[in-house]
Number of protein chains: 2
Amino acid sequence: MKLSDIGEFGLIHRIAPHFLQNQPDDVRGIGDDCAVLPLNETESQLITTDMLIEDIHFLRDGITARQLGYKSLAVNLSDIAAMGGSPTAAFLSFGLPEDIPVEWLDDFFAGLAELSQKSCTPLLGGDTTKSMDRIIINIAVLGRARSDRIKYRSTAQIGDVICVTDFLGDSGGGLNIILQDINAEMNPNARQLVQAHCQPDPQLQEGAWLATYDAVHAMLDVSDGIESDIRRIMEESRVGARINVDDIPISTALRSLAEQFGWNAIEIAATGGEDYCLLCTICPRDFPVIARHFEKKFARPLFKIGIIEKEGALAYYQNSTLIHFARHGWDHFRMK
Amino acid sequence: MKLSDIGEFGLIHRIAPHFLQNQPDDVRGIGDDCAVLPLNETESQLITTDMLIEDIHFLRDGITARQLGYKSLAVNLSDIAAMGGSPTAAFLSFGLPEDIPVEWLDDFFAGLAELSQKSCTPLLGGDTTKSMDRIIINIAVLGRARSDRIKYRSTAQIGDVICVTDFLGDSGGGLNIILQDINAEMNPNARQLVQAHCQPDPQLQEGAWLATYDAVHAMLDVSDGIESDIRRIMEESRVGARINVDDIPISTALRSLAEQFGWNAIEIAATGGEDYCLLCTICPRDFPVIARHFEKKFARPLFKIGIIEKEGALAYYQNSTLIHFARHGWDHFRMK
């Protein structure tokens, strides 16, 4: 039996027992954006790590070195944001082909340093090694959070409003532009989408702000697309979910390009992934107040896209009618 | 200019400013086996991360999956040992080709779990992703240590005795056996060397024990070979060193195989690398007592191999005569 027969989630289920062995009682291991370890009476440490491999996660010609340096850190910071924490340090492991131009490396580190400074996440160590032909990047980030404010995937409650902190699908649209070799230079909409894909900004302030509300029950970052990410909340919280397709927030830029190139904007928004905004579930009684304050603070709405229901299938509705999606979320070991 | 033109140390010097930017005063970043962050009044956190790439660090046919799982964790634990710390948690990022047999994965995790349990290092998270063709493993390990007992590379003193905690070169000899396709099945010496290469045991107890002595000044683990590793102490401590080639401890197994196959045992011992024992520098006054206690506790000598001298070149002596080595330590971006 090959890995491709069981897929990423099959693999995780298969190896989870090894991860959970010897796990101290006060520690949270796999099953969330970060691992959580107690630091002291009131605070916990967060740890996350992400691997980016050339030709799997990025194309050398599809992203500048500077953007790649920025994004490599951003995807990890987004996991810290998803738990409501603040980053404290980053560690980079870097596998590099020998023929990489030194200027490419300078640009990569300039991008990494830019976000490192902006987010107060000093780069404190790592490992550099030769790789045969592809660039391989692994970043691990440490963070901290007040233990009573950490948001998990497992704490959604039936009746919660499901909401997202930003437009969805810009990154997926940007990837389309790169893969379809569309010239984005002269098209501001296209540039916006490529930027969203190549240089996402982790929503650390939004995550820390949402974490101050007890009424925010569950949270994660939108990395694989809500179609896939909402299922993780469903699985961990043992609940169902209903998404109102018409409520999925889509930017004017994506709408316009989808029309121009014949893309399905809703499908891109639901399954494109790599948006790196936050998805959270909020007590319906408190949602209006939190949404109002969010909009005041961050100058954009907290978009309501659905409702947590009792355990069951993920249901998409359009004009109050149940509909089906053809595509499923991103599984790294199966082709869609 | 290509990466291969500047080499690994050129790269590290080039990127170090990015790492050191924004580094808090009470934090130690690059330049040692682990980064060191204060945890509380008396304790610090240690962080280390290592990337292993198929065909660079291992051959799929040259090591069993179980050994590879064990070794992937061992090389990180060895960095924790080198600072005198205890490991607390491990995080695995795993890049996997789709055609990997599930049984291979089961064996890998069995090996990883074996050392995880033996060393009380629970595996608390990570990332799994597809890779195009090669297996890529990145493990990050957290540890802790009493801040006043942490051993650095930068604290060697002139006159210190340089010693190692085990035989050198068994791992390098084991690699020779694998690369030269020598059948080790029927040869216990060859099996011992292959075992040393494929399944090294991190010297956590030795490291923690040595760290209790103030007279142990500097310490690191022998990962690239003493020829290369001693230079790191020289650079960080701004000292020189003199190695007595006749004192380099070589196992009977390596001696015997070197004779059989015409290898230069001393060269393998000095430059082979991946021994994952510890190299430390000890105040000459205290060395005899510490060495006696070490031998009593660990049932093998603490091998004296040289002396720390004032800043200058690394000097090898044989029968009191200065000699030269043809090979240099392992630089991941230059071929020897």
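In the predicted model, B:Thr48 touches B:Asp33, B:Cys34, B:Asn76, B:Asp79, B:Ile80, B:Ile139, B:Ala140 and B:Val141, residues up to four places away in sequence being left out of this list. B:Thr48 is placed in strand β2 of chain B, which spans residues 43–53, and its relative accessible area of 4% makes it a buried residue. With one of these neighbours, B:Asp79, the contact is also polar, the two side chains approaching to 2.9 Å.

Charged pairs were examined next. Side chains of opposite charge can pair when their charged atoms come close. Over all chains, the count comes to 36 salt bridges. One of them is formed by the side chains of A:Arg300 and A:Glu206, with an N to O distance of 2.9 Å. This pair links distant parts of the chain, 94 residues apart, since A:Arg300 is found in the loop between α10 (287–298) and β10 (303–309) of chain A, while A:Glu206 belongs to helix α6 (residues 204–211) of chain A. Both A:Arg300 and A:Glu206 are buried.

A salt bridge is also formed by A:Arg242 and A:Glu309, whose closest N and O atoms are 4.0 Å apart. Because A:Arg242 lies in strand β8 (residues 240–244) of chain A and A:Glu309 in strand β10 of chain A, the pair ties together parts that are 67 residues apart in sequence.

In chain B, the closest N and O atoms of the salt bridge between B:Arg66 and B:Glu114 are 3.0 Å apart. Here too distant parts of the chain are linked, B:Arg66 being in helix α2 (residues 65–82) and B:Glu114 in helix α3 (residues 102–118) of chain B, 48 residues apart. B:Arg66 counts as partly exposed at 41% relative accessibility, and B:Glu114 counts as partly exposed at 30%. Apart from this pair, salt bridges that share partners join A:Asp55, A:Asp133, A:Arg134, B:Asp55, B:Asp133 and B:Arg134 into one network.

Helix α6 of chain A, to which A:Glu206 belongs, was then considered as a whole. Six of its eight residues are buried, so the helix is largely enclosed by the rest of the structure. The buried residues are A:Leu204, A:Glu206, A:Gly207, A:Trp209, A:Leu210 and A:Ala211, and the elements against which they pack are α2 (65–82), β3 (86–96), β7 (216–221), β9 (278–282) and α10 of chain A.

The relation between the chains was examined last. Two copies of a chain are related by a rotation about an axis and a shift along it. In this model, chain A is superposed on chain B by a rotation of 180° with 0.0 Å of shift along its axis, at an RMSD of 0.0 Å. The two copies are thus related as by a two-fold rotation axis. Of the interface residues of chain A, 99% are also interface residues in chain B, so the copies meet through the same surface.

Key. Residues numbered from 1 in each chain as written. Chains lettered and ligands numbered in written order. Predicted model: local features only at pLDDT ≥ 70, side-chain atom pairs only at ≥ 80, totals over all residues. Heavy atoms only, no water. Helix = DSSP H or I, 4+ residues; strand = E, 2+ residues; numbered from the N terminus. Buried < 20%, exposed > 50% of the residue type's maximum accessible area, 1.4 Å probe, protein only. Polar contact = N/O pair within 3.5 Å; in protein donor to acceptor, adjacent residues only side chain to side chain. Contact = heavy atoms within 4.5 Å. Least-squares fit on C-alpha atoms with pLDDT ≥ 70 in both.
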